[in-house]
Amino acid sequence: MSSTLTPAAASTDLRGYVDALAPRQGVWIDGRGSAAQAGATFAVLDPATGSEITDVADGQVPDAVAAVDAAARALPGWAATAPRERSEVLRRAFALMIAGTEQLAALMSWENGKSLADARTEVTYAAEFFRWFAEEAVRTEGEFGSSPAGGTRTVVTHKPVGVAALVTPWNFPAAMATRKIAPALAAGCTVVLKPAGETPLTALAVARILAEAGVPDGVVNVVPTTDSAAVVTAWLEDPRVRKISFTGSTPVGRVLLRQAADRVINASMELGGNAPFVVAADADVDAAVAGAMIAKLRNGGQACTAANRLYVHEDVVEEFTEKFGSAVAALKVGPAFAEGTEIGPLVSARALDGVTRVVDAAVAAGARVSHRAQLPAGLTGYFYAPTVLRDVPADAEILRTEIFGPVAPIVTWRDDAELLGLVNGTEFGLAAYVYSRDLKWALQTAEKIEAGMVGVNRGTVSDPATPFGGVKQSGLGREGAREGIREFQETQYFSIDWS
Ligand code: NAD
C-alpha cells in the first residue's frame, strides 16, 4: 500500500486487506480463524456512510468456551517460556505493527470513522505497548528480605495470573487491545479478547500481527460477538479464567465487577471519564488553545481522556473562547479518506443521537453556541459539527456526562475554591488538564484534583511509560508503565527457615 491513501486507494487496497483478514472466519482460536460454531455473522458498518464494510463471525458461548480451552492449553508452555523469548516476540510485533501503519490506520479509519491522522497516531501508540512491555518482560524483579523476628528470610516473586479475559471498546480499537495484550503476554499469561462489536476488524488484524510475530497458537484468542454479555459471562464463570481486564464505560464496568465478585476474580477496570480542562488567568492562552484542540478534539472527542468541561478564568475567557472557537470552526469535517479531513464521523447512529441530545439539552438550559464548524453538504454518515458552547449553566447535564463527541462546553470561573468544587464535583476521576504560567499554582492545583492523570500545560496524558488509569468511578488499576505488568501477575512469597 502506498504511504498516502487516496479515496480510490482506500476502496481498493483496503478491501483486499479486509478480505485477507477473512472476517467471516473471524473467531480466532489456536492461531487460526474459523466461522462461529453456530455459523452466524454480523455486519460492521462504515460510520462515514452507514453502509456495510463486511460481515464478521458472530461468536457465541461455545466459541467463548473453545477460546478458553485454547488459552488454558497454551498457558503452561507460555508461562514457562523464557522472558527474553517472550520479549523478542513482543518486539517483533512492535516492528510489524509499525511497518503496517498505513494499512492498519486505514482499516481503523474505515470501521471507526476516525481521521487518518488520528488513526496513524493510534497505531504508533498501540505499537509502543508491544515495545514497552518487550522491555518490561525481562525486568520482573522480586524482593529478598529478612523477618524482623530473625531466623527467617523472605523471597517475593511474581507469577502470571493465568488465563486473562480482555474486553475492549471501539474508540481506540488497536491501542486498547495492545495495552492489555502486551503486559499480559509479557507476564506469561494467555488471553481471550472480546473486541467491541463496532470495531472487530482491527482486533483481527492485531491477532494476525501477533501470530506473524511468533506468538504460539492459543496464547491470543479473539471472539467477536454481538452478545457481549453472554460471551464475557461465560468467561467470568469459567474457573480457568483468573483475570478480567476491561476498558469501557462505567455502567458496564460495574456489571463486570459484580460478576467478577462471584469468583473473586482479579479485576482491572479502565472506565469512563469527565476531564476538566482548567485555564488560569495567567495561562499562555495560545498554548492553552493548542492544548484544548488536542485534549478536546483528538479522535473527534471520542476519548476517555477527552476534555469534557473547559473551565476558563474570567480574565481570559473572551480571548480563549474567540481563539479556540475560531480554530474549532475552521476544522475540516468529512470522511477519513477525503483530502485534509481532520474530524471524521462519530462511531454510530446511537453515538450521534447521544451527542445531539446532550447539546440540545444544554442549549435549552441556557448555553449558547458560540462557534461551530461547517458540515460539508451530502454527508450521509454519523457526523456532528464540532461545536463550542459558552454560558453553560453549572448544573447542565453536559458537564456531568461524557459527551464523547466534538463539543466543548466553556464555563467561566473566578476563584480557586469555586474552581476545585466544580472540577471535583463528579463521580469520575480519570484525566484533567491545567494551564498556568505559575508552575507552583499549577502543580498545587493538580494535586488537589481528584484524577489519576493530570496534564500540566499539556493537552495529552497518554504515554506507554506512564501508569494510565483513574480514581473514583473511573476505574481500578493501571495500564502501561511498571504497573501494567503487575496487573497480570500474582505475588507469591517463600518464607524460608534461615536459622
Ligand atoms: P461500553 O462499556 O459500551 O463497551 C465496552 C466493551 O464492553 C465493548 O467491547 C462492549 O461490547 C462490551 N460490553 C458491553 N456490555 C457488556 C456486558 N454487559 N458484558 C460484557 N461486555 C459488555 O463502552 P464503549 O462505548 O465501547 O466505549 C466508550 C467508553 O469507554 C467510554 O465511557 C470511555 O470513557 C471508556 N473508555 C475508557 C478508557 C480508559 O482507559 N479509562 C479508554 C477508552 C474508553
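Glu143 stands opposite Val156 in β6. This is a predicted model: local features need pLDDT of at least 70, side-chain atom pairs count only at pLDDT 80 or more, and totals for chains, interfaces and linings use all residues. Residues are numbered from 1 along each chain as its sequence is written, and side-chain values use heavy atoms, with hydrogens and water left out.

- β5 and strand β6 (residues 152-160) pair in the antiparallel sense over four bridges. Two strands pair if DSSP finds at least two bridges between them. Strands (E, at least two residues) and helices (H or I, at least four) are DSSP runs, numbered from the N terminus.
- The sheet is open, with the order β5-β6-β20 and antiparallel pairing.
- β5 (143-146) and β20 (489-497) are the edges; each has a single partner strand, so one side of each is left without a neighbour in the sheet.
- From one strand to the next, the twist averages 20°. Axes are lines fitted to C-alpha atoms, for helices over the stretch in contact, and angles run from 0 to 180 degrees between N-to-C directions.

**Seven-stranded sheet**

- A sheet of seven strands is also open, in the order β14-β15-β16-β13-β12-β17-β18, and its pairing is mixed.
- Its edge strands, β14 (368-372) and β18 (453-456), each pair on one side only.
- Here the strand-to-strand twist averages 20°.
- Strands β13 (residues 307-313) and β16 (residues 407-413) run parallel, joined by four bridges. His313 has Trp413 of β16 as its bridge partner.

**Helices across that sheet**

- Helix α10 (residues 285-297) lies across β12 (275-279), β13, β16 and β17 (431-435). α10 runs at about 170° to β12. Contact means heavy atoms within 4.5 Å.
- Helix α14 (residues 439-448) lies across β12, β16, β17 and β18, at about 165° to β18.

**Second largest pocket**

- The second largest pocket holds about 450 Å³ of space. A pocket is an open set of points on a 1 Å grid over the protein atoms alone, where a 1.4 Å probe fits, with protein on both sides within 12 Å along at least five of seven lines; lining residues have an atom within 4 Å of a point. The volume is the space filled by probe spheres set on the points, which are joined across faces, edges and corners.
- Its lining has 22 residues; Asp118, Thr121, Ile294, Arg298 and Asn299 lie nearest the centre.
- α5 (116-136) and α10 are the elements that give two or more residues. The largest share, seven residues, comes from α5.
- Domain 1 (7-271 + 475-492) and domain 2 (275-464) each supply at least three lining residues. These bounds come from an automatic or database domain assignment.
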